[in-house]
Amino acid sequence: MECPIDGTTLETHTVHSINIEECTQCRGLWFEEGELRKAKDEAEPDLNWLDFDLWSDQESFAADWSSRKCPLCGKNMATISYAETGVTVDYCAEGHGVWLDKGEFEAIIEAFEKDIMSKDISDYVTASLEEAKEILVGDEGFVSEWKDFLTVTRLLQYRVLAENPKVAELLTALQTTSPFK
Ligand SMILES: [Zn+2]
Ligand SMILES: [Zn+2]
């Protein structure tokens with residue numbers, strides 16, 4: 001598979017038994033749909049905190065066409081954003097997976113942090129986020145040991161992507177207006 005930005009062949013990494021493709025050139029990340037589902041299926045009691053009220057305002061989601069193409073099917077992806085968080089991801093409207101530019105993973109972490117600061121959440125979560133941030137602002141590229149990796153993949157799956165009814169609805173509406181057909 002090739003990077004949707006610069007065409008570099010993507011490199012596979014395995015984190016918590018989940019395969020992620022990374023572009024060695026621009027450090028973007030591709031999460032295939034089946035791999036995201038694996039994250040969801042993995043039993044991890046520590047992740048129950050994700051059930052709290054984060055990104056639950058359905059009206060804050062927006063979708064538009066992206067100029068990037070899905071590495072799997074080659075069709076234009078959609079951008080999905082959540083108001084005021086600064087979080088935007090590219091998602092294949094056919095459900096093949098999600099692309100995160102370098103920095104977007106970090107933006108998700110920062111959005112978490114902001115939301116968490118405004119709520120009363122456990123020290124464990126706060127400490128995990130601090131750790132995640134340190135790793136993500138480093139220069140070493142992809143880091144394979146990160147306990148909150150599953151948290152972010154789950155958040156993507158549950159809140160931002162196909163399992164979110166509002167996003168599914170937005171994507172369906174978007175597809176009827178495709179300028180790329
Ligand atoms: Zn790239
Ligand atoms: Zn696709």
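Of the 181 residues in the protein chain, 45% count as buried, where buried means under 20% relative accessible area, exposed means over 50% and partly exposed lies in between, worked out with a 1.4 Å probe on protein chains only. This is a predicted model, in which local features need pLDDT of at least 70 and side-chain atom pairs count only at pLDDT 80 or more, while totals for chains, interfaces and linings use all residues. Residues are numbered from 1 along each chain as its sequence is written, chains are lettered from A and ligands numbered from 1 in the order in which they are written, and side-chain values use heavy atoms, with hydrogens and water left out.

Let's start with the overall layout. The protein chain has 5 helices and 7 strands; these are DSSP runs numbered from the N terminus, with helices being H or I of at least four residues and strands being E of at least two. Walk along the sequence and you get β-β-β-α-β-β-β-β-α-α-α-α.

The 7 strands make an open sheet with antiparallel pairing, in the order β1-β2-β3-β7-β6-β5-β4; two strands pair if DSSP finds at least two bridges between them. At the edges stand β1 and β4, each with a single partner strand, so one side of each is left without a neighbour in the sheet. From one strand to the next the twist averages 30 degrees. Helix α5 (residues 165-175) packs on the sheet and touches β4, β5 and β6, with its direction making about 55 degrees with that of β4. For such angles, axes are lines fitted to C-alpha atoms, for helices over the stretch in contact, and values run from 0 to 180 degrees between N-to-C directions.

The antiparallel pair β1 and β2 is joined over 5 bridges, and Thr14 has Asn19 in β2 as its bridge partner. Between β2 and β3, also antiparallel, there are 3 bridges, with Glu21 opposite Trp30 in β3. Trp30 in turn stands opposite Trp99 in β7, and the antiparallel pairing of β3 and β7 runs over 4 bridges.

In the loop between β2 and β3 you'll find Arg27, whose phi is near 65 degrees, a positive value in a residue other than glycine. Arg27 is partly exposed, at 32% relative accessible area. Its side chain makes a polar contact with the side chain of Glu22 at 3.1 Å; a polar contact is a pair of N or O atoms within 3.5 Å, where within protein one must be able to donate a hydrogen and the other to accept it, and residues adjacent in sequence count only if both atoms are side-chain atoms. Glu22 sits in strand β2 (residues 18-22) and is buried, at 2% relative accessibility. The Glu22 side chain also makes a polar contact with the side chain of His13, at 2.9 Å.

Donors are N, O and S atoms within 2.8 Å of the metal (3.2 Å for Na, K and Ca), and sites may look incomplete because water is not among the atoms. Asp6 lies in the segment before β1 (11-15) and Cys26 in the loop between β2 and β3 (29-32), so the pair ties together parts that are 20 residues apart in sequence. Asp6 is partly exposed, at 33% relative accessibility.

The zinc ion (ligand 2) is coordinated by Cys70 (SG), Cys73 (SG), Cys92 (SG) and His96 (ND1), at 2.0 to 2.3 Å. Its donor residues are spaced C-x2-C-x18-C-x3-H in sequence. Cys70 lies in the loop between β4 (61-69) and β5 (76-82), and His96 in the loop between β6 (87-91) and β7 (97-100), so this pair ties together parts that are 26 residues apart in sequence. As for burial, Cys70 is buried at 3% relative accessibility, whereas His96 is partly exposed at 23%.

Technical notes
Contact means heavy atoms within 4.5 Å.
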